[in-house]
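Opening the notebook on this one. I want to look at the cores, then a sheet, then a helix.

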Amino acid sequence: MADPLAYPETRRENVVEEQFGTPVADPYRWLENDVREDQEVRDWVTAENAVTDAYLATLPGRAAIEARLTELWNYERLGIPDRAGNRYFYTQNDGLQNQSVLMVRDGLDGAPRQLLDPNSWSDDDATALAEWEPSPDGSRVAYAVQDGGTDWRILRVLDVASGETLDDEVNWAKFTNIAWAHNGAGFFYARFPEPEGAEFTGLNADHSIYFHTVGTPQSADRLVYATPDRPQLNHGAEVTDDGKYLVIYSSEGTDDRYEVTLIDLTSPQMARRTIIRGMEHNWDLVGSDGDILYFVTNMDAPRERIVRMDVSTASRAIAEVVAEDEATLETAHVIGGRIVATYLADAKNEVRVFDMEGARLATVDLPGIGSIGGFDGEADNPETFFAFTSYDTPTAIYRYDTADGTVTPFFEPQVAFDPADYTVEQRFYTSLDGTRIPMFLVHRSDLAADATHPALLYGYGGFNISLTPSFSPAVLQWLEMGGVYAVANLRGGGEYGAEWHDAGRLLNKQNVFDDFISAAQFLIDEGITSPDQLAIRGGSNGGLLVGAVTNQRPDLFAVALPAVGVMDMLRFNRFTAGRYWVDDYGYPDREEDFRTLYAYSPYHNIHDGLDYPAILVTTADTDDRVVPGHSFKYIAAIQHADIGDQPHLIRIETRAGHGSGRPTSQLIAEYADLWAFAAHFTGLEVPAN
């Protein structure tokens with residue numbers, strides 16, 4: 001057993017609150033304070049990072065891991081093109097650029113030209129290009145600036161011909177897309193009121209839709225839609241293909257349950273009417289033909305279907321176009337007069353093409369078994385683009401023509417490894433209650449089948465989010481070193497539609513933890529790994545997952561790597577966007593939900609007297625999605641507890657948030673620390689420094 005580490009002294013307070021007759025201790029509540037504003041919290045962060053950095057510096061192979069990660073990351077990457085007019089816009093990274101740049105081509109075969117380089121926006125490269133959208137004619141681009149990883153956005157406008165950024169500046173946008181008016185005069189966006197302090201921790205309320213006219217100050221922006229009588233609602237907006245309607249989606253949580261309001265953009269008064277009330281079902285616009293709107297919906301179809309609605313009539317009758325299938329329908333778009341629909345079958349994508357009456361015409365020829373994204377386009381143009389990736393295949397971009405069904409490469413990356421050296425397989429295992437759960441397994445093809453190996457098990461299990469095959473240079477490095485990588489498709493995700501999601505949330509949340517524990521047991525029982533070779537990892541809701549199963553089965557894992565996790569399940573809804581998560585977690589102030597949450601909350605269920613695995617928590621000071629106080633309080637409680645002598649550390653990144661917009665160099669450094677730590681405690685052979 002290693003000598004215990006000397007952790008920083010963390011002040012404990014006598015904070016105990018009775019909830020439904022249960023005394024709940026919260027000795028580290030002061031660590032919820034904003035690190036930017038509270039000197040004591042800032043000093044604590046500095047002290048914790050000092051201990052962590054000193055320990056990680058002693059781990060063998062870390063420098064060599066970072067060097068190889070840098071090599072693996074160093075390949076050109078392109079985003080999916082967005083056509084506007086005769087111009088094609090896309091992001092590009094030469095490999096090691098900290099931020100991807102925005103490019104444009106005049107015509108499909110035109111010479112690429114750089115429009116925006118976020119690498120010049122800040123000295124530390126932590127300011128990123130977030131959402132962006134070209135105007136319909138391609139003459140301008142509205143884009144969002146993300147600073148230091150925050151969810152807040154600053155919106156600006158670029159003139160494409162000159163490459164100059166205009167004077168327009170829109171502040172306090174958040175959880176927004178950008179939807180241009182058809183004439184290009186301006187765009188719709190969503191924002192919150194300017195916060196009165198606590199901009200990174202305060203609750204978000206009164207989300208509203210505004211219209212910004214290019215060339216005018218934000219003070220002149222027109223309020224288009226708001227619900228002051230229901231300040232908890234969030235709103236998103238998009239413009240129909242013909243520019244006739246603004247479609248506004250309103251929701252109150254993370255579930256795909258919406259009210260839908262139409263605003264007639266051809267009316268001087270911008271007449272509005274709500275066409276879907278009640279927030280009971282998903283409604284996702286597929287396309288439009290005048291007053292006929294096509295939607296993906298789970299109304300009477302847990303795995304989704306496509307319907308059309310005639311909004312010119314008072315009845316707004318709904319007719320089915322594409323029926324529900326055994327595979328889960330994820331997205332659909334009208335492109336060139338046809339419906340292109342993406343399905344998920346056993347956590348693998350397939351793409352089907354239908355005519356506007358729902359007759360199936362074709363299946364898109366994909367490069368292999370993996371994940372796709374894209375298939376945006378125009379109703380009167382057959383051209384569209386999609387991205388394909390898998391665990392052993394970096395993201396490539398393809399052009400698809402809905403008229404003749406041809407798939408042609410637009411961009412295929414050149415990488416410093418041979419995909420044939422790796423094996424990707426799908427297995428199924430049985431959870432505690434008998435449910436059949438899919439799992440992806442990836443490893444080097446030459447790995448001995450008659451021996452156990454260090455393994456990394458990843459999971460999420462929440463918010464209707466599906467885990468599908470995707471490429472990561474970091475995972476490839478783990479595989480190169482001889483590790484096995486496993487991804488469990490837990491309940492709570494969206495792999496099998498609404499029923500799969502419902503089976504892993506609210507009072508059913510323990511199913512997610514049982515699924516993950518059963519995945520670990522499966523890997524052990526199959527002789528793939530052993531408890532002293534198994535690491536587990538997850539982020540956000542997956543960080544909660546790792547924290548909960550570590551408390552429930554600390555004997556099953558050698559390493560736990562919870563990232564930006566939701567660790568205090570009794571106070572998550574008091575900060576920033578946390579109030580939306582009640583759809584998956586429930587309400588801490590309702591007794592039935594409280595008892596469920598309290599039973600698995602990672603912060604409240606650390607068990608003295610048990611030997612815990614080595615733990616490396618990761619979070620960031622500017623995470624205003626899952627505020628870092630969750631991780632701060634959790635690691636303070638872990639370090640205080642009598643749970644063995646393995647290291648229990650936290651790595652706190654500065655000028656970073658929940659994950660998006662992070663510089664490449666920052667990612668490489670973090671993964672080098674994670675892999676060196678995990679390798680050390682699982683016995684994975686690391687390269688010599």
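Predicted model: local features only at pLDDT ≥ 70, side-chain atom pairs only at ≥ 80, totals over all residues.

Trp 283 stands opposite Thr 297 in S21. The two strands here, S20 and S21 (residues 292-297), run antiparallel and are joined by 6 bridges.

Next I looked up the sheet around them. It is an open sheet of 4 strands, ordered S20-S21-S22-S23, and the pairing is antiparallel. S20 (283-289) and S23 (318-322) are the edge strands; each has a single partner strand, so one side of each has no neighbour in the sheet.

Then the cores. The largest nonpolar core has 120 residues, and Leu 457, Tyr 585, Trp 675 and Phe 677 touch the most other members. Helix H10 (residues 664-682) gives the largest share of this core, 10 residues. Another core, of 16 residues, lies apart from it and includes Leu 262, Ile 276, Leu 285 and Phe 295.

I went back to Leu 457 for its contacts. Leaving out residues up to four places away in sequence, Leu 457 touches, among others, Met 439, Phe 516, Leu 523, Ile 536 and Arg 537.

Last, helix H9 (residues 629-640). Its 12 residues should span 16 Å at 1.5 Å a residue, and the end C-alpha atoms are 16 Å apart, so that agrees. Is H9 enclosed or open? With 11 of its 12 residues buried, H9 is largely enclosed by the rest of the structure. Lys 633, His 630 and Gln 639 are among the buried ones. The cover over them includes helices H1 (39-56) and H6 (541-552), plus strands S37 (559-563), S38 (614-620) and S39 (648-653).

Definitions and conventions
Residues numbered from 1 in each chain as written. Heavy atoms only, no water. Core = buried A, V, L, I, M, F, W, Y, C linked by side-chain atoms within 4.5 Å. Buried < 20%, exposed > 50% of the residue type's maximum accessible area, 1.4 Å probe, protein only. Contact = heavy atoms within 4.5 Å. Pairing = 2+ DSSP bridges. Expected span 1.5 Å × (residues − 1).
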